[in-house]
Amino acid sequence: MVFDDGTVSRLADDAFYVTTTTAGAAHVMAHMDFHRQVVWPGLAVEVTSITDQWAGMALAGPKSRDVLARVVAGDDVGDAALPFMGVMAATIAGCPVRLLRISFSGELAYEVHTPADYGTTVWQALFTAGESDGIVLYGTEAMGTLRIEKGHVAGAELDGRTTPADLGLGRLASRNKDYIGRAALDRPALADPLRPRLVGLVARDGRSPIRSGSQIVADPAATPPVPMQGHVTSADFSPMLEQWVALALVAGGLERKGETLYAAYPLRSETTEVIVTDPVFVDPEGRRVHG
Amino acid sequence: MPPRESALGDLLAPRRLGPQPAAPGLSLAERPACAIWQISAWREADIAPLRGALAERLGLTLPEKPTAVSTGDVVLFHVAPRRWWLVRAEDRSSDLAARLAAAVIGRAALTDLSHGRSVLRLSGPASRNVLQKLCRIDLHPRGFPAGCVAQTPLGQVTALIHALNDGPSFDLYLPRSLAFSAVESLIDAATEFGFAIGGQVG
């Protein structure tokens, strides 16, 4: 089952820089430590938590490359020099930084990492450089909306019961090599096509809210026990689409695209008629992130 | 390079707390801008050559037990199986980092943790009492004399505690992102003893 998500950057032939979610960091570290100490003790490999060593910040949006170029001393940060998913060492305001062109926001964006005692200096340099372009701060609430609009899974979808295929991430799992968990994924229950799988939902009337935790049913008027088709994992009002959008795990997944279902929230006696959509609501071709 | 910013903000603004006899029972100050390198030997068989390389090229002694060994202004801690920390005051003109990297090549991984810890020095007759309120290991000088090193929770935060001398005096290495909270706990625990906060030690 998927238990966390993050990034891996290759810094050298034999050195990798790994990020995880905050909540999952200890679990991922313990997973790695267990395998290197118990399963493969003969491998020469060390893992160290460097969470406290680095300050990380995200610079996102169509003007992020321009702002970055103003503060990065000497290096070209254009699309060819720093492509999507690229990593580069650079200097900002005299501080050593690591640039990762990746972002949970789904925008053209960069993560800027610097040793923690330089964090405020680098932050201030970026903010000052962006003032003429109207740079603003964005926090975790905004990030939550952005990632739902982009169909990026987070804790609500990584609930310990979902496989990569359930989340539409099956293509990330290699077909050519072995990996921890590969055999387990072949178990019949984990390959069952009727498993709940990630879809998007919008309200049929284009304005009703959809609540996280809603049960998905085919007929809200049916006599209980009503068969559950799935549940809503994440929902928010999308400023881009000007309506509520939701991510949900629904039996049969995207094969039910276009179908009408009902999101029932008995705690508030609400039922919303919803349509099954693709989970990526904004920029599905990824034009912004590859810009 | 710009100056390094402490995680503690105004928390150690110079002041006195608690009962004030002629001399305070203890003092707490930050050791700013330390350089910390973690040395992790790849295998048991790499330890002896590593020890030899550090002795020959840098004049440094790798401790065998969980103790600290000082050579000049460099301290080496044994922190885990096959793992040590090298600590000194940061010196940007020094080539120690490059010489260290050259000395350990093929024998150990080197990881820079210089910004990853806030380092506090707690000194004075009551300092052992304060630490004992927050941690569960036995810090009595019989069991934890000068030179001893332990990693243990201090309140809710795992700290590396280094007994410096029989003052007693201790250096506390706290994860940078939790240091503010840990130091607040220390201040609360220390107030009853009469306490001088602030300043920096080299």
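**View 1. The lining of the largest cavity divides into 4 nonpolar, 2 polar and 2 charged residues.** Ala, Val, Leu, Ile, Met, Phe, Trp, Tyr, Cys and Pro count as nonpolar, Asp, Glu, Lys and Arg as charged, and the others, Gly among them, as polar. This is a predicted model: local features need pLDDT of at least 70, side-chain atom pairs count only at pLDDT 80 or more, and totals for chains, interfaces and linings use all residues. Residues are numbered from 1 along each chain as its sequence is written, chains are lettered from A and ligands numbered from 1 in the order in which they are written, and side-chain values use heavy atoms, with hydrogens and water left out. The structure holds 1 cavity of 30 Å³ or more. Its space comes to about 30 Å³. The lining consists of A:Pro209, A:Ile210, A:Arg211, A:Ser214, A:Ala263, A:Tyr265, A:Glu270 and A:Thr272. Elements are DSSP runs numbered from the N terminus: helices (H or I, at least four residues) and strands (E, at least two). On a 1 Å grid over the protein atoms alone, a cavity is a set of points where a 1.4 Å probe fits but cannot get out; a pocket is an open set with protein on both sides within 12 Å along at least five of seven lines; lining residues have an atom within 4 Å of a point. Grid points are joined across faces, edges and corners, and a volume is the space filled by probe spheres set on the points.

**View 2. A:Ser269 sits in the loop between β11 and β12 of chain A.** Its phi is near 50°, a positive value in a residue other than glycine.

**View 3. The second largest pocket has a volume of about 300 Å³.** Its lining counts 17 residues. A:Ala165, A:Ala173, A:Tyr179, A:Leu185 and A:Asp186 lie nearest the centre. By class, the lining has 7 nonpolar, 3 polar and 7 charged residues.

**View 4. Chain A and chain B bury about 1,800 Å² between them.** Buried area is the accessible area (1.4 Å probe) that two parts lose on being put together, summed over both. Carbon and sulfur atoms carry 46% of it. In chain A, A:Glu46, A:Asp52 and A:Asp117 lose the most area to chain B, together 37% of what that side buries. The contact (heavy atoms within 4.5 Å) takes 21 residues from chain A and 26 residues from chain B.

**View 5. A salt bridge joins the side chains of B:Arg4 and A:Asp117 at 2.8 Å, N to O.** The rule (a side-chain nitrogen of Lys or Arg within 4 Å of a carboxyl oxygen of Asp or Glu) finds 4 salt bridges across the interface of chain A and chain B. On the side of chain A that touches chain B, β5 (95-100) and α3 (119-130) give two or more residues. That side has 10 nonpolar, 7 polar and 4 charged residues.

**View 6. A cis peptide bond joins A:Pro224 and A:Pro225, with omega about 5°.** A:Pro225 lies in the loop between β8 (215-217) and β9 (230-238) of chain A.
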